Amino acid sequence: MIVAGFILLAVGAADLVRQFAPRRWVGYLTTAVILLLLGSVSDALLPMLSGLVVGALWVWCMPSERPAPLGFWPAALLGVLSVGAVVALGARADTGLIGAVWSIRSPMGEVPFDLAMLTIGAGVFLLESANLVVRAALDGEHTWRPAELTRIPAPATAESEAEPGPIATNETSDEAEPVRDQRAGFKGGRLIGPLERILVMILTLAAAYPILAAMLAAKGIVRFPEISRDGETGARAEYFLVGSLVSWVIGLGAAFLVWWAAHS
């Protein structure tokens with residue numbers, strides 16, 4: 001259990017840190033020091049080292065500035081590794097120095113240190129790392145990015161073939177304006193996604209299934225006006241379904257991981 005906690009925490013923290021490009025190395029160093037301290041006081045140096053190694057490999061395999069070279073596979077392998085660590089290793093009887101002072105209670109009873117680390121690691125992973133997983137899934141399906149704007153060229157004519165013409169414009173306007181690609185939209189996904197996954201995880205662990213179903217249905221209702229402008233292409237619906245389903249699966253997977261660890 002502690003192995004999965006350190007791995008998810010290292011991966012999630014690394015992805016949060018690399019959002020701050022100018023001082024990225026300071027964040028990496030701080031994250032490594034914090035993990036080293038946690039591993040030392042909890043008698044979990046090997047799990048801590050495994051977390052650092054997996055975190056470094058994850059940063060290399062899942063870049064944030066360009067499409068992932070290995071596609072969706074690093075996320076699948078990370079999921080298998082996390083589930084295997086929880087199922088095979090379970091909880092430890094001795095948690096080192098911190099075990100003598102650790103005491104946190106919940107409505108379900110005492111919360112062991114290893115379970116707390118796993119829950120925190122899963123929550124941190126859902127923030128930015130899951131965004132990269134969703135992006136890799138969209139890239140793997142060659143789904144367009146709605147945040148990107150493109151300029152649509154004017155139809156080819158005899159004059160335009162002889163000489164490059166201007167971009168397509170709005171003919172009803174007095175001033176020429178670039179045409180906005182119909183794929184543009186869905187702003188704020190980098191914030192909505194993490195909040196949605198955190199709520200999915202919390203509501204699932206709290207067994208608040210009616211609230212969870214209402215929240216997921218409300219998202220579809222809110223997005224319906226934008227999706228309905230698809231016409232015959234279906235591009236918006238495809239983007240919404242692929243992104244939302246992958247995001248929900250990640251949130252439910254994190255909840256299942258914590259639930260399994262709590263009941264093992």
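The lining of the largest cavity in this predicted model comprises six nonpolar and four charged residues, with no polar residues by class. The volume of the largest cavity is about 60 Å³. Of its 10 lining residues, Pro 63, Ala 68, Leu 132, Arg 135 and Ala 136 are the closest to the centre. The structure holds one cavity of 30 Å³ or more.

The second largest pocket has a volume of about 430 Å³. Its lining is made up of 20 residues, and those nearest the centre are Ala 75, Gly 79, Phe 125, Ile 250 and Gly 253. Three helices, α4, α5 (113–127) and α10 (235–263), each contribute at least two residues to the lining of this pocket. By class, 17 of the lining residues are nonpolar and three are polar, while none is charged.

The helices that line the second largest pocket also take part in helix pairs. Two packed helices are described by the angle between their axes and the distance between the axes.

Helix α1 (residues 2–17) packs against α5 at an angle of about 30°, and the two axes lie 7 Å apart. The angle is under 35 degrees, and α1 and α5 are therefore roughly parallel to each other. Their crossing is left-handed. On the α1 side, the contact is made by Ile 2, Ala 4, Gly 5, Phe 6, Leu 8, Leu 9, Val 11, Gly 12, Ala 13 and Leu 16. These residues meet Phe 113, Asp 114, Met 117, Leu 118, Ile 120, Gly 121, Ala 122, Val 124, Phe 125 and Leu 127 in α5. By class, the contact of α1 with α5 has 16 nonpolar, three polar and one charged residues. Phe 125 belongs to this contact and is also one of the residues nearest the centre of the second largest pocket.

For helix α3 (residues 45–61) and helix α4 (residues 73–89), the packing angle is about 160° and the axes are 11 Å apart. An angle over 145 degrees counts as roughly antiparallel, so α3 is roughly antiparallel to α4. The crossing of α3 past α4 is left-handed. Val 54, Trp 58 and Cys 61 of α3 are in contact with Pro 74, Ala 75, Leu 78 and Leu 81 of α4. The contact of α3 with α4 contains seven nonpolar residues, and neither polar nor charged residues occur in it. Ala 75, which meets α3 in this contact, is among the residues nearest the centre of the second largest pocket.

Helix α6 (residues 129–140) and α10 cross at roughly 140°, and their axes come within 9 Å. This angle makes α6 oblique to α10. The crossing is right-handed. From α6, the contact involves Ala 130, Val 133, Val 134, Ala 137 and Leu 138. From α10, Tyr 239, Val 242, Gly 243, Val 246, Ser 247 and Ile 250 take part. The residues of the contact of α6 with α10 divide into nine nonpolar and two polar, with no charged residue. Ile 250 of α10 lies in this contact and is likewise listed among the residues nearest the centre of the second largest pocket.

Definitions and conventions. Residues are numbered from 1 along each chain as its sequence is written. This is a predicted model: local features need pLDDT of at least 70, side-chain atom pairs count only at pLDDT 80 or more; totals for chains, interfaces and linings use all residues. Side-chain values use heavy atoms; hydrogens and water are left out. Axes are lines fitted to C-alpha atoms, for helices over the stretch in contact, and angles run from 0 to 180 degrees between N-to-C directions. Helices (H or I, at least four residues) and strands (E, at least two) are DSSP runs, numbered from the N terminus. Angles under 35 degrees count as roughly parallel, over 145 as roughly antiparallel, 65 to 115 as roughly perpendicular and the rest as oblique. A crossing is left-handed if the near helix is turned anticlockwise from the far one by less than a right angle, and right-handed if clockwise. Contact means heavy atoms within 4.5 Å. Ala, Val, Leu, Ile, Met, Phe, Trp, Tyr, Cys and Pro count as nonpolar, Asp, Glu, Lys and Arg as charged, and the others, Gly among them, as polar. On a 1 Å grid over the protein atoms alone, a cavity is a set of points where a 1.4 Å probe fits but cannot get out, and a pocket is an open set with protein on both sides within 12 Å along at least five of seven lines; lining residues have an atom within 4 Å of a point. Grid points are joined across faces, edges and corners, and a volume is the space filled by probe spheres set on the points.
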